[in-house]
Amino acid sequence: MAADSQRSLLEHRLVIVTGKGGTGKTTVSATLALAAARAGLRVLVAEMGPDEQIPRLLDPRAPQAGYAGCTLLPGLRAIRIDPFEALAEYLTLQLGVRAVVDAVVHNKAFRQLMTAAPGWRELITLGKIWHLAQLDIGDPPRPEFDLIVVDAPATGHGVAFLDVPRVVVSAVRAGPLHAHSERVEQLLEDPEQTLVLPVALAEELPAREIAELTDRVRNEMGISIDRVIVNAVVEAPFPAEVSDLDEALGRLDGDLDLGALPSPRVLTRCARYLRSRHELNRRFAVEIQHTTGLPIVELPRIAEGIQSPDQISSLASALLANPVFLE
Amino acid sequence: MKPNTNIDAMLAEREVIVCVGCGGAGKTTVAAALALEAARRGRKALVLTIDPARRLADAMGVESLGNRPQAIPREVLDELGVPEAGNLSAMMLDMKRTFDDLVERFAESEEVRDRVFANSIYQHVSNALAGSVEYSAMEKVFEMHQSAAFDLIVVDTPPAQHALDFLEAPQRLLEFLDSRLVKMLIHPAFKAGRFGFRLFHRATQKVLHVLERITGIGFLEDLSEFLIAFDAMSVGFRDRALRVRALLLGPRSTFVLVSGPGRISAGHATDFLDHLEAYGVSLAGVLVNRVRVWPSQGPPPTDEPPRSADVEALRDALWASEGAGYPAELAAEAAAKAATRYAEWVRADARSAQPLRERVEAQGCFWGCIPEFERDVHDLSSLGRVADRIAGQDEEP
């Protein structure tokens with residue numbers, strides 16, 4: 001059953017890909033950016049962590065994108081948002097004088113303060129994303145980027161960073177910081193523009209955690225979320241006619257000599273493993289759908305992880321498929 | 001070169017085991033399994049987790065873990081093979097409460113304490129203050145170690161952007177309190193309002209003006225008050241932080257790096273190892289979680305396509321066993337394919353871990369693999385299976 005009133009992932013201005021470490025969030029971000037660029041959109045994909053991964057996933061010879069960004073393909077740019085650089089840019093925009101800003105951001109005391117200070121990295125990073133979403137080019141002006149894909153940081157706090165503008169709006173009473181945070185909050189809470197895209201593995205604990213995450217994003221933060229990406233799903237291992245193959249193998253003499261083939265005992269174990277992982281993935285994909293109340297998009301498991309841009313390509317159509325309710 | 005460590009010695013002798021590694025590797029499960037195995041060997045073990053996602057509570061089959069150790073009931077321990085001498089407790093940190101505890105402990109008076117609690121900045125940032133989660137966790141380890149109620153504490157560290165946040169956090173908090181700018185903000189003259197800026201050095205004036213312009217003076221006043229209150233606590237905090245650090249880096253403690261299978265995880269684990277080495281941390285060994293292993297002696301077969309004669313032999317065996325109506329040809333091909341596919345995964349896991357393994361073993365640390373089970377580890381009996389595997393590592397060929 002297809003979910004009703006689904007907009008395509010490509011019909012948003014800002015897609016924020018979130019998930020725990022190890023769920024394949026970065027792969028999903030890269031895949032979405034590539035698919036959007038192929039569909040003719042002007043796309044920016046933004047990373048936040050200290051290590052840059054997306055450019056090399058899409059092109060092994062890609063240079064480091066850094067804060068200035070680099071063009072990976074026609075219509076596809078990548079950037080890594082470093083909070084200190086974003087802060088320098090913000091202060092320059094506010095104060096107008098780069099020399100003053102440089103004196104401040106290179107001030108040792110200021111850096112010490114900022115290294116320990118909470119929240120501002122998230123705020124300035126989201127502010128930079130807001131700024132990128134406002135950029136126009138050409139005449140008549142059109143947005144420089146049709147779609148901005150954000151690979152959100154993987155932390156135990158999940159989506160807490162999306163909450164920072166709201167906290168600042170309530171903690172800082174007035175002034176530019178208050179006003180700017182409010183604008184960022186408005187962009188995040190605009191369902192026409194912003195979508196949070198959660199990525200989860202179809203396993204027991206992630207299935208529970210993703211329900212907490214989607215509930216928080218939707219109900220506490222008021223940010224739109226309309227599907228869950230269930231990643232690394234082991235596909236059905238045998239043809240439907242022999243779906244209980246492991247059982248049939250288990251009834252053979254376990255030590256039968258099959259030449260270069262493993263013995264039936266080993267074949268049974270291999271078949272049982274594949275089947276049980278597949279069934280486990282199916283069961284928890286269904287559970288994710290039940291606990292979140294959201295339709296699912298499944299992505300297949302890739303044995304050794306993403307090794308080449310071709311594998312990213314092969315995931316693109318699966319990622320853009322309409323989300324479905326499995327049962 | 002340090003002496004060869006093995007899991008048995010670690011579980012028998014150490015008082016603190018810190019499990020580190022990237023998010024998603026299964027640190028929580030491994031930490032819980034190590035504590036269980038130590039309990040089986042007669043120790044009084046505590047596993048302490050920090051992950052706000054309540055994973056340990058799940059893995060331990062305990063509904064909720066408060067900010068206090070919770071003993072696993074004796075009858076459950078009996079089932080898990082924990083002898084009378086041993087026991088196992090679990091604990092999950094409640095971040096907010098832990099930080100409040102710190103303030104309670106180090107505040108010099110009730111007045112200071114109440115001022116901190118009432119401050120609007122504290123209310124918003126106590127969870128987010130850089131490293132406070134990490135610091136609180138290590139502080140708790142120290143407290144539990146001091147209490148002598150346990151003879152082994154296994155800690156599961158929070159997922160962090162920087163590998164050793166939990167070790168560096170106290171230092172950073174102290175540097176923050178010591179920084180010139182903070183000293184300025186806690187200068188009593190600051191409370192006099194913006195004219196107070198004139199008292200400061202020119203560079204600092206500039207910084208304060210910039211901050212004020214962006215945030216508004218009200219925010220700076222709140223911040224100043226928060227820092228004044230916090231500064232009053234810093235002597236106790238500093239002393240404690242040094243002792244926490246001495247415990248974690250000293251001979252009573254050791255570190256276990258937990259990694260997931262696959263190339264990307266191995267890469268992350270290698271980076272992690274670099275950080276640990278640079279920091280001079282004593283690593284006991286590496287446990288790779290959820291590794292696919294070949295289900296018989298020897299390595300998995302090579303990826304040559306199966307010989308048709310062999311597939312036919314399997315087909316005939318299936319016919320003989322399942323009857324003439326069974327699609328044995330299809331089944332035999334699917335079985336051969338499944339074995340090839342699984343073997344490919346097994347080889348991929350071994351291949352991607354090899355460079356890390358060589359490095360770890362060359363340093364005299366242990367290397368252990370925990371196979372991926374058919375079911376996820378979510379209760380105590382499956383945790384027991386993980387513990388079995390960890391315990392049996394040294395017997396592996």
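Helices and strands here are DSSP runs, numbered from the N terminus. Keep that in mind for the close-ups below, which all come from a predicted model.

**Figure 1. A cis peptide bond sits in a loop of chain A.** Look for A:Asp139 and A:Pro140: the peptide bond joining them is cis, with omega at about 5°. Most peptide bonds are trans. Where does A:Pro140 lie? It's in the loop between β5 (136-137) and β6 (142-143) of chain A.

**Figure 2. Two residues of chain B have a positive phi without being glycine.** Most residues other than glycine have a negative phi. B:Arg290 has a positive phi of about 60°, but B:Arg290 belongs to a strand, β7 (residues 283-291) of chain B. Exposed or buried? B:Ala148, at 60% relative accessibility, is exposed, because the cut-off for that word is over 50%. B:Arg290, at 24%, is partly exposed.

**Figure 3. Helix α12 of chain A has its buried residues along one face.** This helix covers residues 309-320, and its twelve residues should span 16 Å at 1.5 Å a residue; the end C-alpha atoms are 17 Å apart, so the two agree. Which residues of α12(A) are buried? They are A:Ile312, A:Leu315, A:Ala316 and A:Leu319. An α-helix has 3.6 residues a turn, so residues three or four places apart point the same way. On the other side of α12(A), A:Asp310, A:Ser314 and A:Ser317 are exposed. Covering the buried residues of α12(A) are, among others, α1 (25-38), α2 (54-58), β9 (228-233) and β10 (296-300) of chain A.

**Figure 4. The largest nonpolar core has 119 residues.** In soluble globular proteins, nonpolar side chains tend to be buried together. Among the core members that touch the most others are A:Ile16, A:Leu162 and B:Phe255. Zoom in on A:Leu162: leaving out residues up to four places away in sequence, its contacts are A:Ile16, A:Leu126, A:Leu188, A:Val196, A:Met221 and A:Ile223. A second, separate core of 37 residues includes B:Ile17, B:Val82, B:Leu152 and B:Phe373.

**Figure 5. The cysteines form zero disulfides over all chains.** Take A:Cys270, which is in no disulfide: the nearest cysteine sulfur belongs to B:Cys369, 17 Å away. A:Cys270 is buried, at 0% relative accessibility. B:Cys19 is buried too, with a relative accessible area of 0%.

How values were computed. Residues are numbered from 1 along each chain as its sequence is written. Chains are lettered from A and ligands numbered from 1 in the order in which they are written. This is a predicted model: local features need pLDDT of at least 70, side-chain atom pairs count only at pLDDT 80 or more; totals for chains, interfaces and linings use all residues. Side-chain values use heavy atoms; hydrogens and water are left out. A nonpolar core is a set of buried Ala, Val, Leu, Ile, Met, Phe, Trp, Tyr and Cys residues joined through side-chain atoms within 4.5 Å. Buried means under 20% relative accessible area, exposed over 50%, partly exposed in between (1.4 Å probe, protein chains only). Contact means heavy atoms within 4.5 Å. Helices (H or I, at least four residues) and strands (E, at least two) are DSSP runs, numbered from the N terminus. A disulfide is a pair of cysteine sulfur atoms within 2.5 Å. The expected span of a helix is 1.5 Å times one less than its number of residues. The arc is that of the directions from the helix axis to the C-beta atoms.
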